Amino acid sequence: PARCRARPPRRVIAPEQAASHRHSDAEDSDAKSSSEMPQDGEQQPSASLGSPKRSSALPAWPVLALVCGFTALQTFKPSEPYLVPFMHCVRGVPRSTIVDSIFPFWTYAQLALLPLLSAGSELVGYRAVVLVGMLGRLATLLLLLYGGDSVFLLQLSQVAIAVGFAAHPSLVAILFRSLPSESYARAVGLVASAGVLSGGAGSFG
């Protein structure tokens, strides 16, 4: 006769026990998901690790063109060699006063303004400091043209042009913040070339 295999007894789980099993499974799932999450201070792996590196081409070329053009306009000063004859012959200021009492204001003003405007770039923004430098250069021209023979106004014009010179590093900082690091050398070379070419062209004026 065929032998019948005895079936194992069926296990009956009480509703309270089934609920406890589901609760423990949920806790295990939450613990596993929390262990996979990055802890504080841990950097989550970027999805762009496998992305290709940006080429050395300048992607922010409008910013570079703007900085080059701005630098060229700043260094194009065909009237600068005639500044002393203008003050002496047109305004009637003695040469000793020009050399000893007017020009030193540019040196000391730039020495004081350079760290102040550099710190101000971080506080109020680079564009605001560049705008202040532009206004300083414009004020210089107005004081020279309409200041008359007042030594005080001529000294103030030297302080105003010192503002323009001290704000120039903020213009270069905008360039560095807009371009990738692999383009820094080429960008600085282009800006320097624009300044040299413009200054050379201004000397023929």
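A: For the linings, Ala, Val, Leu, Ile, Met, Phe, Trp, Tyr, Cys and Pro count as nonpolar, Asp, Glu, Lys and Arg count as charged, and the others, Gly among them, count as polar. The model is a predicted one, in which local features need pLDDT of at least 70 and side-chain atom pairs count only at pLDDT 80 or more, while totals for chains, interfaces and linings use all residues. Residues are numbered from 1 along each chain as its sequence is written, and side-chain values use heavy atoms, with hydrogens and water left out.

Q: OK, so how does the lining of the largest pocket divide?
A: The lining of the largest pocket has 16 nonpolar, 5 polar and 3 charged residues. A pocket here is found on a 1 Å grid over the protein atoms alone, as an open set of points with protein on both sides within 12 Å along at least five of seven lines, whereas a cavity is a set of points where a 1.4 Å probe fits but cannot get out, and lining residues have an atom within 4 Å of a point.

Q: What volume does the largest pocket have, and what lies nearest its centre?
A: The volume is about 760 Å³, taken as the space filled by probe spheres set on the grid points, which are joined across faces, edges and corners. Of the 24 lining residues, Lys77, Ser79, Thr140, Leu141 and Ile161 lie nearest the centre. The elements that give two or more residues to this lining are helix 2, helix 3 (83-90), helix 4 (95-124), helix 5 and helix 6 (151-166), and helix 5 gives the most, with 7 residues. Helices (H or I, at least four residues) and strands (E, at least two) are DSSP runs numbered from the N terminus.

Q: Stepping back, how many helices and strands are in the chain?
A: The chain has 8 helices and 0 strands, and buried residues make up 25% of its 205 residues. Buried means under 20% relative accessible area, exposed means over 50%, and partly exposed is in between, with a 1.4 Å probe and protein chains only.

Q: What about the second largest pocket, which residues line it?
A: Its lining consists of Val63, Leu66, Val67, Phe70, Arg127, Val130, Met134, Leu171, Ile174 and Ser178, around about 210 Å³ of space. The largest share of this lining, 4 residues, comes from helix 2. Valine 67, found in helix 2, is buried at 2% relative accessibility, and its C-alpha lies 7.0 Å from that of leucine 171, although they are 104 residues apart in sequence.

Q: How many cavities of 30 Å³ or more are there?
A: The structure holds 1 cavity of 30 Å³ or more, and the largest cavity has a volume of about 40 Å³. Its lining includes Phe70, Val130, Met134 and Leu171, and those residues are also among the ones lining the second largest pocket. Helix 5 gives the most to the cavity lining, with 4 residues, and that lining divides into 5 nonpolar, 4 polar and 1 charged.

Q: Which residues form the nonpolar patch on the surface?
A: The patch is formed by Leu131, Met134, Leu135, Leu138, Leu141, Leu142, Leu145 and Tyr146, with about 840 Å² of accessible area together. Patches are made of residues with over 30% relative accessible area and no salt bridge, like charges being joined within 9 Å and nonpolar side chains (Val, Leu, Ile, Met, Phe, Trp, Tyr) within 5 Å. Accessible areas come from the Shrake-Rupley method with a 1.4 Å probe, and for residues only the protein chains shown count as cover.

Terms used
Salt bridge = Lys/Arg side-chain N within 4 Å of Asp/Glu carboxyl O.
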